[in-house]
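Student: I have a model open and would like to learn how to read its features one by one. Could you walk me through it?

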Amino acid sequence: QLQASGGGLVQAGASLRLSCAASGRSVSRYAMGWFRQAPGKEREFVAAMSASGGTIDYADFVKGRFTISRDNAKNTVYLQMNSLKPEDTAVYYCAAADRTYSLSKGEYAYWGQGTLVTVSS
């Protein structure tokens, strides 16, 4: 089970840190990803980390602004979001895949409930 939290309403340029707490299984055994879905749009890839933690990738539109990280002791994955823009407004989902690494949302079998991030201009 994945529980996402940390969303909220912020102004453009602000920062937020999303958390994804996992229960039942260790996050270090799964590829972990963050995805987002804006109103009227499809869910899209934001960031991913391999099971080993050694491989990380980001969507081009968040590179240099967002950072994915993991705390194995807390069994939690984070998404640090800096320099937020109004176009970052979306529901953010964390997900886990039974793979060492994946960028494809179709390969993620386990999803959290989502947390809403709203960025005002």
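**Reading the features**

Tutor: Gladly! A search of the whole structure turns up one disulfide. Keep in mind that this is a predicted model.

Student: Which residues form the disulfide, and how far apart are their sulfur atoms?

Tutor: A disulfide is called when two cysteine sulfur atoms lie within 2.5 Å. Here Cys-20 and Cys-94 are joined, with their sulfur atoms 2.1 Å apart. The link between Cys-20 and Cys-94 is right-handed, with 65° about the S-S bond. Cys-20 sits in strand β3 (residues 16-22) and Cys-94 in strand β9 (residues 90-97), so the pair ties together parts that are 74 residues apart in sequence.

Student: Are Cys-20 and Cys-94 buried or exposed?

Tutor: Both Cys-20 and Cys-94 are buried.

Student: Let me stay in β3 for a moment. Why does Ser-19 count as buried?

Tutor: Buried means under 20% relative accessible area. Ser-19, which is found in strand β3, has 17% relative accessibility and therefore counts as buried.

Student: Which residues does Ser-19 touch, leaving aside those up to four places away in sequence?

Tutor: Ser-19 touches Gln-3, Ala-4, Ser-5, Trp-34, Thr-76, Val-77 and Tyr-78. For a distance from C-alpha to C-alpha, take Leu-2: Ser-19 and Leu-2 are 17 residues apart in sequence and 9.8 Å apart in space.

Student: Now for strand pairing. In which sense do β4 and β5 pair, and over how many bridges?

Tutor: Look at the direction of the strands, then at the bridges. Strand β4 (residues 31-37) pairs with β5 in the antiparallel sense over five bridges, and Gly-33 has Ala-48 in β5 as its bridge partner. The two strands, β4 and β5, form a hairpin with six residues between them, and Gly-40 in that turn has a positive phi of about 75°.

Student: What lies on the other end of the pairing list for β5?

Tutor: β5 also pairs with strand β6 (residues 56-58), in the antiparallel sense and over three bridges. Ala-48 stands opposite Asp-57 in β6. The hairpin of β5 and β6 has six residues between the strands, and Gly-53 takes a positive phi near 85° there.

Student: How many residues of β5 are buried?

Tutor: Strand β5 (residues 44-49) is mostly covered, with five of its six residues buried.

Student: Which residues other than glycine have a positive phi?

Tutor: Asn-75 is one of them, with phi near 50°. Asn-75 lies in the loop between β7 (66-71) and β8 (76-81), and at 15% relative accessibility it counts as buried. Ser-83 also has a positive phi, of about 50°, although it is not a glycine. Ser-83 is found in the loop between β8 and β9; at 39% relative accessibility, Ser-83 counts as partly exposed.

Student: Last topic: pockets. How much space lies in the largest pocket?

Tutor: The general idea is that rolling a probe the size of a water molecule over the atoms shows where empty space is left. In this model, the largest pocket holds about 150 Å³ of space.

Student: Which residues line the largest pocket, and how do they divide by class?

Tutor: Its lining includes Gln-1, Leu-2, Arg-25, Tyr-30, Met-32 and Tyr-110. By class, the lining of the largest pocket has seven nonpolar, four polar and one charged residues.

Definitions and conventions:
Residues are numbered from 1 along each chain as its sequence is written. This is a predicted model: local features need pLDDT of at least 70, side-chain atom pairs count only at pLDDT 80 or more; totals for chains, interfaces and linings use all residues. Side-chain values use heavy atoms; hydrogens and water are left out. Helices (H or I, at least four residues) and strands (E, at least two) are DSSP runs, numbered from the N terminus. Buried means under 20% relative accessible area, exposed over 50%, partly exposed in between (1.4 Å probe, protein chains only). Contact means heavy atoms within 4.5 Å. Two strands pair if DSSP finds at least two bridges between them. On a 1 Å grid over the protein atoms alone, a cavity is a set of points where a 1.4 Å probe fits but cannot get out, and a pocket is an open set with protein on both sides within 12 Å along at least five of seven lines; lining residues have an atom within 4 Å of a point. Grid points are joined across faces, edges and corners, and a volume is the space filled by probe spheres set on the points. Ala, Val, Leu, Ile, Met, Phe, Trp, Tyr, Cys and Pro count as nonpolar, Asp, Glu, Lys and Arg as charged, and the others, Gly among them, as polar.
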